[in-house]
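Trainee: May we go through this structure together, with attention to its side-chain contacts?

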Amino acid sequence: YANNIYDYFGNSVTCSADGNIIVVGAYLDETSGNNTGVVYVFDRVGNDFNEVGILTGSDTDDDDNFGWSVKTNVDGSTIIVGATKYSIPGSSDEIGSVYVFDREYSVGIGTTFTQVGILTGSHAADGDYFGSDLACSADGNIIVVTARTGQLPGSADDSGIAYVFNRQGNNFNEVGILTGYYANEEDDYFGSAVACSADGKHIIVGAYNDETPDTGSHAGVAYVFDQDTKETPLI
């Protein structure tokens, strides 16, 4: 479907650890509606790249930006997709959501992709862009989702938040909310980028518009979180 102008195929990409499963987001593409977003899955066999899946969200609507961000676990069996402009019908506007898909292969049936979860943040509100960036552990059971224009109640607008989810079966439990020590001013964009270790115990969050007291304005800060320790800002 990504053959029209402004589909933005390739805005986001991810792959399995062996590089043989490739996931590509096209956040302004559509199979129906207008600019709902589409994610494509390819299997590599030698130098052949076979399209094996086309993912869309069950609750996506026009201009939801499904595919703005994508992430897969180590073996490609779990695919996570951010739809940063998802809006609750008749309620919040552009709060964002994240979809989780499981991939399975069955003899005689082939490859199937099943949507198993939709994530939202407990403090998600209008214009938060929940799903700005994604990270997950190697097994896909720890999922980190950023909302770079979100904020906690009483915090400055667009200071940014990161949410941590723990998957148990098909239940996704929000177990942590991360903010930056210095990311307390308007437009710091904590959560502009995120990564985590294979075991999910170490999380790095970028705030490219942030600064520490001894650096210039908007110099940028990266924060490192350990599961059992406090954050350490890296300049």
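Trainee: How many aromatic pairs does the structure hold?

Mentor: Rings of Phe, Tyr and Trp pair if their centres lie within 6.5 Å. By that criterion, the number of aromatic pairs in this predicted model is 13.

Trainee: Are the rings of Phe-9 and Phe-42 stacked or edge-to-face?

Mentor: Planes under 30 degrees apart count as stacked, and those over 60 as edge-to-face. The ring centres of Phe-9 and Phe-42 are 6.4 Å apart and the planes stand at 85 degrees, so the pair is edge-to-face.

Trainee: Which strands does this pair of Phe-9 and Phe-42 link?

Mentor: The two residues are 33 residues apart, and the pair links distant parts of the chain. Phe-9 belongs to one strand and Phe-42 to another, which covers residues 38-45. The strands are, respectively, β1 and β3.

Trainee: Is Phe-9 buried or partly exposed, and is Phe-42 buried or exposed?

Mentor: Buried means under 20% relative accessible area, exposed over 50%, and partly exposed in between. Phe-42 has a relative accessible area of 16% and is therefore buried. Phe-9 has a relative accessibility of 43%, so Phe-9 counts as partly exposed.

Trainee: What is the angle between the ring planes of Phe-190 and Tyr-223?

Mentor: The centres of the rings of Phe-190 and Tyr-223 are 5.5 Å apart, and the pair is edge-to-face. This pair also links distant parts of the chain, with Phe-190 in strand β13 and Tyr-223 in strand β15. Phe-190 is buried at 0% relative accessibility, and Tyr-223 is buried with a relative accessible area of 0%. The angle between the planes is 65 degrees.

Trainee: Over which ring does the charged end of Arg-148 sit?

Mentor: For an Arg, a charge sits over a ring if CZ is within 6 Å of the ring centre and within 35 degrees of the ring normal. The charged end of Arg-148 is 5.1 Å from the centre of the ring in question, which belongs to Tyr-189.

Trainee: How many salt bridges are found, and with which residue does Arg-103 form one?

Mentor: A search of the whole structure finds 3 salt bridges. In the one formed by Arg-103, the closest N and O atoms are 2.6 Å apart. Arg-103 lies in strand β7 and its partner in strand β3, 60 residues apart. That partner is Asp-43.

Trainee: Which strand holds Arg-167, the salt-bridge partner of Asp-102?

Mentor: The closest N and O atoms of Asp-102 and Arg-167 are 2.8 Å apart. Both residues are buried. Asp-102 lies in strand β7, 65 residues from Arg-167, which is in strand β11.

Trainee: What is the N to O distance in the salt bridge of Glu-94 and Lys-85?

Mentor: Glu-94 counts as partly exposed at 21% relative accessibility, and Lys-85 counts as partly exposed at 24%. Their side chains meet in a salt bridge with an N to O distance of 3.8 Å.

Trainee: What is the area of the nonpolar surface patch made by Ile-5, Tyr-6 and Tyr-8?

Mentor: Ile-5 lies in the segment before β1 and counts as exposed because its relative accessibility is 69%. Tyr-6 and Tyr-8 also form one aromatic cluster with Tyr-27 and Trp-68. The patch made by Ile-5, Tyr-6 and Tyr-8 has an area of about 390 Å².

Conventions. Residues are numbered from 1 along each chain as its sequence is written. This is a predicted model: local features need pLDDT of at least 70, side-chain atom pairs count only at pLDDT 80 or more; totals for chains, interfaces and linings use all residues. Side-chain values use heavy atoms; hydrogens and water are left out. Patches are made of residues with over 30% relative accessible area and no salt bridge: like charges are joined within 9 Å, nonpolar side chains (Val, Leu, Ile, Met, Phe, Trp, Tyr) within 5 Å. Accessible areas come from the Shrake-Rupley method with a 1.4 Å probe; for residues, only the protein chains shown count as cover. A salt bridge is a side-chain nitrogen of Lys or Arg within 4 Å of a carboxyl oxygen of Asp or Glu. Helices (H or I, at least four residues) and strands (E, at least two) are DSSP runs, numbered from the N terminus. Buried means under 20% relative accessible area, exposed over 50%, partly exposed in between (1.4 Å probe, protein chains only). Rings of Phe, Tyr and Trp (its six-membered ring) pair if their centres lie within 6.5 Å; planes under 30 degrees apart count as stacked, over 60 as edge-to-face and the rest as tilted.
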